[in-house]
Amino acid sequence: MMETYLKKNFDVDPKRPSEEALRRWRSAVWLVKNPRRRFRMVADLAKRAEAERKRRKKQEKLRVALYVQKAALHFIDAGSCIEQKLSEPVRRAGFGIEPDELASIVQSHNSKVLEHHGGVEGLARKVSVSLGGGVFSRDIAIRQKVYGLNKFIEKPPRPFWRFVWEALQDLTLIILMVCAVVSVGVGIATEGWPGGMYDGLGIILCIFLVVIVTAISDYKQSLQFKDLDKEKKNIFVQVIREGTRQKVSIYDLVVGDIVHLSIGDQVPADGLFISGYSLSIDESSLSGESEPVDVDKERPFLLSGTKVQDGSGKMLVTSVGMRTEWGRLMVTLSEGGEDETPLQVKLNGVATIIGKIGLAFAVLTFLVLTTRFLVVKALHHEIKNWSTSDALELLNFFAIAVTILVVAVPEGLPLAVTLSLAFAMKKLMNDKALVRHLSACETMGSASCICTDKTGTLTTNHMVVTKLWICGEAKLVKGKDAQNLLNSSIPKRVLATLLQSIFQNTSSEVVKGKDGKTNILGTPTETAILEFGMLFTDDLNGSWKESKLVKVEPFNSVKKKMSVLVSLPGGRFRAFCKGASEIILRMCDKIVNEQGDAVPISEEQRKSIISAIDSFACEALRTLCVAYKDIEGTFNGDSIPDDNYTLIAVIGIKDPVRPGVKKAVQTCLAAGITVRMVTGDNINTAKAIAKECGILTDDGIAIEGSDFRDKSVEELKEIIPRLQVMARSLPLDKHKLVSHLRNEFKEVVAVTGDGTNDAPALHEADIGLAMGIAGTEVAKENADVVIMDDNFTTIVKVARWGRSVYINIQKFVQFQLTVNVVALMINFISACISGSAPLTAVQLLWVNMIMDTLGALALATEPPNDELMKRPPVRRNVSFITKVMWRNIIGQSIYQLVVLTVLKFYGKHLLKLDGSDANSTLDTFIFNTFVFCQVFNEINSRDMEKINILSGMFSSCIFMFVITSTVAFQVVIVEFLGTFADTVPLNWDLWLISILIGAVSLPVAVVLKCIPVNMANCSIVSEHHDGYEPLPSGPDLA
């Protein structure tokens, strides 16, 4: 019972597998020819445990340094404020502080030394930077030379020769090499030079070829993973350089850079707080402390690798790379490797089962051949007469048995998964999807539900204000005349209040680019509002120059609003608030009238405003309200008030649906993947966009997050299957939905997220998809895949490639198991009946390379086709080797065994072979026929169910290269390398017959595909299914 055995010993979860499961399958693996190569992409649990121990030790050390500094330490610090002598490189570069001293100020949180150097401004002068203008591009190289690069020490990439050495660690190849060397020695002693060395030399040359091809394949994979790993760690940060704000790679950050930080960002280097509002930092990644730390001018220290939990600010970079504590910690964390994927583990199990069977056949074959040999010697009364040729014969039997073991143990099965995943990840990178965890690529092929955001994923995220409700009227904002029309229809006092609200209550920034053009840096919503405000004035300070920001409460997905408090002349304060229209409207009890005065809102006016909001939302506009509140006297509160506001206006923002999204949603539905929209927007806006995208159907349910939260478990079970839109949702609502889908409905869930608060849902989902443009670093870190262009269509591409990986591995397993069965059986049957094996050691090694490295290259790298998205997803815990695969394996094996057995025993008669070389010609013909059977079976394996297996074959460059190379090298082996490979040249007739016998595999496959299989265990067909037959689940009994 193969499936029962695999589920018991080789079953691991795709995300966060338990330590017990990882250890269980490792102990169950048996008969590994080359542990170094086979387990290269498998996590080293011992190293990982050691790395975790080191990390905890470092965290404890940091915790002591950061939170338990004693009076003695302060005393030492106070006494160490002595000017250090500057080294020559620092002095020559024009800087006034040593790199190590600068780094120690932040790491030890040494306020006294900071004061001694003149605070943040003093240190800025010593590193030759203006806090307003930042560093100059011309200084970057010298700063990197003196203060270091923002890169961590990484292990150097393995050179090619290391992969060659690892490929040579194969135990069976080592045994064969020893046999070959002995064979050469004995052969030369008995047959002389050079005739006696050919058999052994042939094995050595074949081993050399296998090793080189294997090493090249592994080396190319390692380069692909290294490139992807570098891309995963590359973060872009906002800095001020040469007086302008710009994006730079974290790797290009230098000491002296002025970095902008906002919610969800990772602090990219050690530094000091310059200015900001409500900046709260999560230092748990460094210190292990879960409590966030407030950073301000009193406590200005910021550590690399920590996360911005709330607020915003600017920092001065003081140390980078390995001079930061995070840099030293990262070196430790890189030990141990990534968890293996479920398919890698499962195929290690399959390889173990087949290896045991292969070992039994290899031993049996050796025993049968040896017994027959001894019986023949005994019958000829030569049992006591032994010669070197007899020893050579026994050595040859042993070599054949070992070679059967080489072919029987499918070492390439788990490695084919790695090859396929590496290929898919590289292609997905080109398709704007960065796979952070290998298992995600696999799991995405089984996704049955996608919970997607609206803004930026289904829509373009290029927002424009198109409607405005103000002074009781809705106004269209469109065309070149919009400014004049609005100027004439909105009273000046009202417009002035609106513009002050827009320009002072914003997290965006208007900057001048290098080209002199005005650019807005910020979220698309903020950008749209600022662009609208700039229709009326270029003077962003306007008449409120004397108003200063006192407090800022940034927008987050829980509060759904942003508030600021500004001081007004005369000691008064004014609070501005903007956000979700319903939430802001509930906070308002007054409204600005046509004269610009605040008057109480009547019930009729409130209904009129709600009607305007609904009207905007039904036109698929994002709606938000802006409001203000005047505060008399002093302000001593910790938070900005959230009641008794005066409503200024309702703003309608157009965010068009992305081109291609509707088609992508239809593709998902046809593939049995349910798409659900989870958004923070107004329910009417959400419904309008969902209908436009094809997500919301007539019988679908759209619900608000607050209603969803209040539902009982029984009610949730009833509505979730038809739930298609959730609006005004909180991150916890998304997490709750994902948990129910996974645990109650056993769905494989992919979920998108961009904010810091989306991290729990991304973590909980089977596949977390973070947005590359709008997403925060916290979201990306918790995600499995980063969608670089924030496009829903890219998510569908990830699903296609995920399915492709799964199907490609199934194709390769079907192909390899067929070769295993035939190679084992033909050698065993022949040994039992005739006392000799038809396939020699060299020939079996060549066959092993065809089915292992080359077969994986051909079948595991096939690109996805459209048919993959016309079948339902593979369910959780279905059998990997399906009944369809068993049908094809058994059918093809029977055909090949019958043909090869008939040729072995009746070949001379059927082919009319006679003469002294008849046996050699027949053995060569059998070898040639066997290889062509595998070539055509490889073509058959391109599709396990469809009759037309040639579709798209000629456009698959790798597949065609492998097939052409295999055939070409087979010709070379047979026609020109006969001395080493025990072959003789064949005439045209025999070549043609070999090819034709191999080609008969194609009609045999057609007949097999017409045989129905029991569909009882197959995946449930989706309601959106279009008739394409799904792959059935495999047998419970192998």
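Which helix does Glu166 lie in? Select helix 11, residues 160-167, and Glu166 is there. Helices here are DSSP runs of H or I, at least four residues, numbered from the N terminus.

Before moving on, note that this is a predicted model, where local features need pLDDT of at least 70, side-chain atom pairs count only at pLDDT 80 or more, and totals for chains, interfaces and linings use all residues. Residues are numbered from 1 along each chain as its sequence is written, and side-chain values use heavy atoms, with hydrogens and water left out.

Stay on Glu166. Its relative accessibility is 4%, so Glu166 counts as buried (under 20% relative accessible area, 1.4 Å probe, protein chains only). Now show Arg158: its side chain makes a polar contact with the side chain of Glu166 at 2.6 Å (N or O atoms within 3.5 Å, one able to donate a hydrogen and the other to accept it).

Next, select Val127, in the loop between helix 9 (119-126) and helix 10 (140-147). Val127 is buried too, at 2%. Beyond neighbours within four places in sequence, its contacts include Phe95, Leu102, Tyr147 and Val255 (heavy atoms within 4.5 Å). Trp386 is 87 Å from Val127, C-alpha to C-alpha.

Finish with helix 16 (342-379) and helix 18 (412-430). They pack at about 160°, axes 7 Å apart (axes are fitted to C-alpha atoms over the stretch in contact, with angles from 0 to 180 degrees between N-to-C directions). The two are therefore roughly antiparallel (over 145 degrees).

Technical notes
Parallel < 35°, antiparallel > 145°, perpendicular 65-115°, else oblique. Buried < 20%, exposed > 50% of the residue type's maximum accessible area, 1.4 Å probe, protein only.
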